[in-house]
Amino acid sequence: MCGISGCVLRVGDREPPAPLVAVVEYQNRRGPDSTGYISRALGDGRSLWFAHNRLSIIDLSSDANQPMVSQDERYSLVFNGAIYNYVELREELAAAGYAFRTASDTEVLMAALIVWGEAALARLFGMFTLALHDRTTDRLILARDRFGVKPLYYRQNGDDIWFASTPGAIAKNEACAPNLEYAGRGIRLKYYEDESDIAPYHGIHAMPPGHCAVIDLSQREGIAPKPYYDLDTAWRAERPRLAGMGASTLRAELLERLRHATMIRLRADVPIGLSLSSGVDSTTVAALCAEAGVPPLGFCFGDPDDSASEAPGVKRFAAHLGQQVRFIPQVKGHDARRLFWRTLRAQGAPFPHTSQIAQYAVFEDARAHGIKVMLGGQGGDEAFMGYRKFFLFQVRHMLRSRDWRAVPAAASNILQILPAIASRASLFWRERGRYSAESSEGLGSGLMLPPLAYSPPPGAGLGGDPAIRQALDVTRYSLPSLLRYEDRNSMGNSIESRLPFLDHRVIEFGTALPIRHKLRNGMGKYLLRDAMRGRVPDWILFNRDKRGFDTRHADWVASGIGDTIRQGLAIHATAAASLLPADAAIDHYFSDTQLTDVASRFAEATTLLWLLDPSFTSYPEV
């Protein structure tokens, strides 16, 4: 929804300090509709500053602008995200006597924090980061949503404190160097963010998902985040109840949870769109939206006349649903180069594949057509074991635990999925190193980066309960990095992305669900597919040939992106040589063939461009 930022500095409190203004300008695309500042003098001579970039979504009036101050002026709040159950919370707080001045979810959030304190966080259904200051006690609360859908970074340097939605401007102000562990894990293990406080820069920390920090500014306390939510505790508590339920009851409960998660994400005072593919997850969201009325305008990457893309399937589904769809074709030449640099600047960090560029293109087209909120299917694979790797995890667990009763079902699953696995055998073979529990080298890298020190490989824990490994996809190996791409690409186009599958009630249900309801008949997400019968066509629901986000990586590299990568690196050729293997030439090491065929090479390219110029100011403005 927005960009938040703030600082505690020994400065005057009349004009915003120039470094904070720089942060606000850096985050302008996150919230171009209004900008606000507020300061609070602290008793020790320092000042607390809050700043906000607003993307107006709920209650478009200026009364809902931020920073927001309580009626008695005791509390000040900046908040990024959306509280989807704000209507219900508002009714509860109003019944308790709280008088509201606006129709915004921001004021509901502030009231909840005032009335319930940190306990309010467990009542929120939403995505958020926030900072709340209590003028009476000089306590500052920083918090982030359960799964880290929205980002929050902070830095404490002596008595000075900084926080913001993005780390780049803080890093520039404070001269923080890029974090080579962060860069290396992205190349070798294909994940950047996780459940820890790792950030792209040394000296800057990410607020971990599901954590909050209460800082007593009068005592000059350090920032010490503590968890208010733990997925492992939640799904383990849910598992016994689900284990005793029949398939029909589970289908009904899943459908109800998903339906409600989708409906509350349609609460907005601006146009809503939908990122649409021909997969189960986004078509599920579209179908549930259609039940409530006209489905949102869809946006699909691909050409509906290209049988090698998923766009023809989207066109067929949209006709079935009566939904309008815009198709975003894959571009070439100047347009491809432009998209590459815009995506890299929006991410502010490395990314591993052209699929992130395609995602940016979808959000860019949506914004050009007046959309400010986009729904999507992100999180469905993590919630219900949608990845094929879980069939192998199931077999390894069965063999280790000697659960011979599970052999027939596991064998049937493997036999039915073999044709799909065989068609992508070369990809699986190239990336096999990621799942070695004994090595942190993963895909390997030719760049002169230090060994990984605290980045466990995705093979960690294999052979144990697959639900544990599923939860790790939510908290570490898959979802956190995907959410970074989603947040930066959407907010880089001033769009709020809402994800029904990341409702905590859905994630907890899916993780706790017995594995036989997730992996069945050679398919993952089986209960979800079964629950959506009659709403989504069977040719989508029961298609075993799962495909990723189609971008034709090789074609895009050859059509201009490869050239622009090499041109960008040539700007810093001398510095690049110190990070490349001995005698490696940029044109050969990052040739189109290498960028296409070597699993880690594209990630190495974006990493090197970032390391050589984290501000991207030296690269083309196209």
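# Close-up views of a predicted model

**View 1. Ala599 sits in the loop between helix H24 (592-597) and helix H25 (601-612).** Everything in these legends refers to a predicted model. How exposed is Ala599? Its relative accessibility is 30%, so Ala599 counts as partly exposed. If you'd like a distance to check, take Val285: Ala599 and Val285 are 314 residues apart in sequence, and their C-alpha atoms are 32 Å apart in space.

**View 2. Phe616 has a positive phi and lies in the segment after H25.** The phi of Phe616 is near 65°, a positive value in a residue other than glycine. Most residues other than glycine have a negative phi, and most peptide bonds are trans. Is Phe616 buried or exposed? With a relative accessible area of 3%, Phe616 is buried.

**View 3. Ala175 also shows a positive phi, here in the loop between helix H4 (168-174) and helix H5 (180-189).** For this non-glycine residue, phi is near 55°. Ala175 has a relative accessible area of 70%, so it counts as exposed.

**View 4. The peptide bond from Gln66 to Pro67 is cis.** Its omega is near 0°. As for where to look, Pro67 is in the loop between S3 and S4. Those two strands turn up again in the sheet views below.

**View 5. Six strands make an open antiparallel sheet in the order S4-S5-S6-S7-S11-S12.** Which strands stand at the edges? They are strand S4 (68-69) and strand S12 (226-227); each has a single partner strand, so one side of each is left without a neighbour in the sheet. S4 pairs with strand S5 (residues 75-83) in the antiparallel sense, over 2 bridges.

**View 6. Helix H2 (residues 86-95) packs against helix H3 (residues 105-116).** Two packed helices are described by the angle between their axes and the distance between the axes. For H2 and H3, the angle is about 50° and the axes are 10 Å apart. That angle makes H2 oblique to H3. The crossing of this pair is left-handed. On the H2 side, the contact is made by Tyr86, Leu89, Arg90, Glu92 and Leu93. H3 contributes Asp105, Val108, Ala111, Ala112, Val115 and Trp116. By residue class, the contact of H2 with H3 divides into 8 nonpolar, no polar and 3 charged.

**View 7. Another open sheet of 6 strands runs in the order S2-S3-S1-S9-S8-S10, with antiparallel pairing.** Strand S2 (34-41) and strand S10 (205-206) are its edges: each has a single partner strand, so one side of each is left without a neighbour in the sheet. How many bridges join strand S1 (residues 2-9) to strand S3 (residues 47-54)? There are 8, and the two strands run antiparallel. Helix H1 (residues 18-26) lies across S1, S2, S3 and strand S9 (160-164). H1 runs at about 170° to S1.

**View 8. Helix H7 (residues 247-264) and helix H18 (residues 504-512) cross at roughly 155°.** Their axes come within 9 Å. H7 passes H18 in a left-handed crossing. The H7 residues that make the contact are Leu250, Glu253, Leu254, Arg257, Leu258, His260, Ala261 and Ile264. Their counterparts from H18 are Arg505, Val506 and Phe509. The contact of H7 with H18 divides into 7 nonpolar, 1 polar and 3 charged residues.

**View 9. Strand S13 (residues 272-275) and strand S14 (residues 297-301) pair in the parallel sense.** The pairing runs over 3 bridges. In S14, the bridge partner of Gly273 is Leu297. S14 is mostly covered, with 4 of its 5 residues buried.

Notes: Residues are numbered from 1 along each chain as its sequence is written. This is a predicted model: local features need pLDDT of at least 70, side-chain atom pairs count only at pLDDT 80 or more; totals for chains, interfaces and linings use all residues. Side-chain values use heavy atoms; hydrogens and water are left out. Axes are lines fitted to C-alpha atoms, for helices over the stretch in contact, and angles run from 0 to 180 degrees between N-to-C directions. Angles under 35 degrees count as roughly parallel, over 145 as roughly antiparallel, 65 to 115 as roughly perpendicular and the rest as oblique. A crossing is left-handed if the near helix is turned anticlockwise from the far one by less than a right angle, and right-handed if clockwise. Contact means heavy atoms within 4.5 Å. Ala, Val, Leu, Ile, Met, Phe, Trp, Tyr, Cys and Pro count as nonpolar, Asp, Glu, Lys and Arg as charged, and the others, Gly among them, as polar. Two strands pair if DSSP finds at least two bridges between them. Buried means under 20% relative accessible area, exposed over 50%, partly exposed in between (1.4 Å probe, protein chains only).
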